[in-house]
Every structure is written in C-alpha cells, then in structure tokens.
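Me: I have a model open here and would like to talk it through with you. Can we start with the overall fold and then move to the details?

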Amino acid sequence: KSHRAEPYKIKMVEPIKKLTRSERERLIAAAGYNAFQLKAEEVYIDLLTDSGTGAMSDRQWAGLMMGDESYSGSRNFYNLEAAVQQYYGYRFVVPTHQGRGAEHLISRMLIRPGMYVPGNMYFASTRLHQELAGGIFKDVIVDEAHDPYSTHPFKGDVDLLKLEKLILETGAGNIAYLSLATTVNMAGGQPISLGNLQQVRQLTLQHGVRIIHDMARVAENAYMIQQHEPGHQHKTVAAIVKEICALTDGAVMSGKKDALVNIGGFLALNDQGLYEEAKNLVIVYEGMHTYGGMAGRDMEAMAIGIAESVEEEHIAYRVHQVHYLGDQLKDAGIPVVNPIGTHGVYLNAAAFLPHIPQVQFPAQALTVALYQEGGIRSVERGILSAGRNKETGDHHYPKLELVRLAIPRRVYTLAHLDMVAEAIMATFKNKDNIRGLEMVFEPKYMRFFQARFQQV
Ligand code: F0G
C-alpha cells in the first residue's frame, strides 16, 4: 500500500474508547436502531459526517483568541469577507450560522411558488428549503451519477440536454436558478469537471439562468479536477477553486466542510441588489449582517480555515485518506460506489444486503450492523434520507441505497481507518444474518435524524 504521511503533527489528543459488542447491541436497540440517537461517547470511530467534525489548526485556535465580539462591525467579519473575496472571488458576503442558513435566505429570495430549481442531484436541507419556498426540484445530473457501478470520473457533471430541455419546456423565467454542488454528496462525493461547468455556464448565460453554487466541498472538487481532468495538472488547487467560483453567480457555503470549522457558513453574491436584499433578510433569521449567527471568533477561524483548505499538502492528504479506506474495501470485494469520492466512502447497501427489500431500509440496517460489529458510526443515504413525495405521500425510491462513511478532516489516522476496514470486512462475512428494519416513529422533517425502528 502506498502511504502519504499526515502533513501535520498532533499537539492535543482526545481519548476514545471501544465498548464491548453486547454493550453496543443494547445501546443501538435503545437508540431505536438509529445511530444519530447514540451518544458520541458510545461510538468508537465516528464517521457519521465530515461536517463540523474536523480538527482546527493551531492557527485557527489562535484566531479564536482574536475574536471581536462587537455586535456590529466585528473585525473578524471583515477578515472573513476578505478571505471569501481573495480565495473564492465573490464580491459580497453575508455570514450565516451554517450552510442551511444560507440556503434558507437564497431560497426565500429567488424562488416563487411553482418555480423549478434544477440541480446536480440534491442535498436534503437544500431541497427542503427550496420546497418550503414553493420550488420544485428537478434532477439534471448525468445518469451515471445514479449508477454505483459506473466509473465515470466526474459523476457530478450536469446533463446539458436535461437542463436545456427543462429550460425550453418551462421557460427560463420559471427557473429560479441552477443549484450546482461541488462535489455531489448524495452521489458519493463525486466531482463536477471544469469542462462541464464551462458548458453549463454558457447554456445558462444564453437563457439568463443564474447559477447558485453549493460550495461546501469546492476545494476537494478542485483537487479532483487537478488530478483527473486533462489540461489542469499544472494549476494549483487554489487557482482551480477560483475558476469554479468565477463560473457561478453566488454561493451557499457550509464552512463545516472544506473551510475546516466546527460551525459557520455564509451566502456569497456578486449582484449588489441581491446582496442588499440578503443583508436585510439575514437580520430576520440569523442576526446582523456582520455576524449572521456566528461569534466573531468563529468568523476568524473560518477565514483562516478557508486559506488552509486550498493548501496542496492538506487537500492531497485529505483525499488520500478517503481513498486509502476505499481502496482497501474494493480490494476485499466489498461493494462500494465507484469511483471513490472525496469526503467519504459509500457502501452500496443494495448489493451488500440483497436479501433486504428497499422498504425495509437496507442501508439503515447496515449502519446498525457496522455499529454492532466495530463501534463504527456511519449514515444512511438511501430511502430513509430521500423522504416522501409531497404529492403522493409515498416514499421516494432512490436508485442509490448507500451507507456513507464520512471521514472528518485531520481527525483520524490511517491506523483508525484500518480498524474501520476490518469491521466492514467482518460485517460482510456475516451479512446474511443482518435483518431489515421497520420504521415505528417518523418525524415530519428530515426524518433520518430522529426516526426510530425495530428489527423485522
Ligand atoms: N450542502 C451540502 C452538499 C451538504 O453536504 C450540507 C451538509 C449542506 C449543504 C448543509 O450545510 O449542515 O452547514 O447546514 N451536509 C452534512 C453532511 C450535514 O453530513 O453531509 P449545513
């Protein structure tokens, strides 16, 4: 195996503990077979999410000490604004408490009831805010993104024909904007190519359709372009990030991902009129436009994290960790989504547990089995996450029934990832004994967080 060593050394540690198998079996049953309901202390290796779970650098911690907690006009806001302008190139910045705060604002501002919002697949909170504003989401990602076996290197690409057909059928005036994610979380952390984005820009300009960029993992996407898209090898990740942003009209950012903070986000815009509107609206829902729900110190940490996120050594090691785990699983014949993405490894639960029908939540059942086996916490990305069709009330039946093993940034070592691989291989050996689930409690919004199950 080829190793890349960590481009940092460790100066603070947090002990973790592995419980016994019988303790874990008792705890996950008490949690209603939903790992979101476990206490973090009951988990050995926590791969639930890469969101807000990263380790900050010594510089970011130093930045916390420089917090200016003035209600208005904090110096940290201006540092954040400068970082967004320098590294992403957007002109205006409105801080929000996290990504979904920005999604809420932009959805309210640009979506009128009945409008369409095309996207390269969806993320749960993004689509929910679009729907709450009266919008209708339309998936315009390439078909390959829905096929876990396809090895297309840029499964985040937009299908230009699907997008153009939608524009022509509904009229550009009925399209709120194109919601464009770098990388696509629900497809397995898959990047969009720069070539595709350039064509998308051309098409949307022709029709006067805005692109709003969900840039949570833009540095990881840029790294994949540098590594795998011909013609970009000589560029820095920082330069590619800026190129991507320049092809869009504004962005929603969850700073909890690439920007390496535990909390925070922003809405970025180039249009002054929209900025004025957002600046006013943010006061209603998040806070004054120079803090938007964030502490001054947290804005400082995010400004520093943005700069660190595009350092070549950092981003190369970050993606290496994910591939280190993914390649081990592939070599062992475990069904995973191909190619391996950038923020996590996605198990193909439909292929892992073919004896469990989709209505019995195979991916959720697999998250339970992985916790029982190795104390590993992962997350369902299948029928449970997909939610229900607003009109029919029935489940959405997504083609992908996945379990995500998200790797937090700068937190675990390669040895930890070896432990994860071993637990998955052991689970795979015993897969025939894994039972399906029946949902016994279903909350109204984003049910995967709080739903409860029993085994069938
Ligand atoms: N967009 C994408 C692509 C995301 O992955 C997330 C969050 C958001 C928007 C919302 O940002 O959490 O800061 O409000 N994803 C997390 C995850 C929760 O686990 O994938 P947020």
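Me: What share of the contacts with a separation of 6 or more comes from residues 24 or more positions apart?
Reply: This is a predicted model, and in the protein residues 24 or more positions apart account for 71% of those contacts.

Me: And how many helices and strands are there?
Reply: The protein has 16 helices and 14 strands, and its C-alpha atoms fill a box of roughly 60 × 55 × 45 Å along the principal axes.

Me: Why does the radius of gyration agree with a compact globule?
Reply: Because a compact globule of 456 residues would have a radius of gyration near 23 Å, the 21 Å of the protein agrees with that expectation; of these residues, 52% count as buried.

Me: Switching to the ligand, which residues are closest?
Reply: The ligand is surrounded by 15 residues, and the closest of them are Thr49, Gln98, Gly99, Arg100 and Ser254. By class, the shell comprises nine polar, three charged and three nonpolar residues.

Me: Now methionine 56, where is that?
Reply: Methionine 56 sits in the loop that runs between strand S1 (45–46) and helix H2 (58–64).

Me: What is methionine 56 in contact with, leaving aside neighbours within four places in sequence?
Reply: Methionine 56 is then in contact with Trp61, Leu260, Val261 and Ala301. Leucine 260 is 204 residues away from methionine 56 in sequence, yet their C-alpha atoms are 6.4 Å apart in space.

Conventions: Residues numbered from 1 in each chain as written. Predicted model: local features only at pLDDT ≥ 70, side-chain atom pairs only at ≥ 80, totals over all residues. Near = placed C-beta within 6 Å. Nonpolar A, V, L, I, M, F, W, Y, C, P; charged D, E, K, R; others polar. Helix = DSSP H or I, 4+ residues; strand = E, 2+ residues; numbered from the N terminus. Contact = placed C-beta atoms within 7 Å. Rg over C-alpha atoms; globule rule 2.2 N^0.38 Å. Buried ≥ 20, exposed ≤ 12 C-beta atoms within 10 Å, placed from the backbone.
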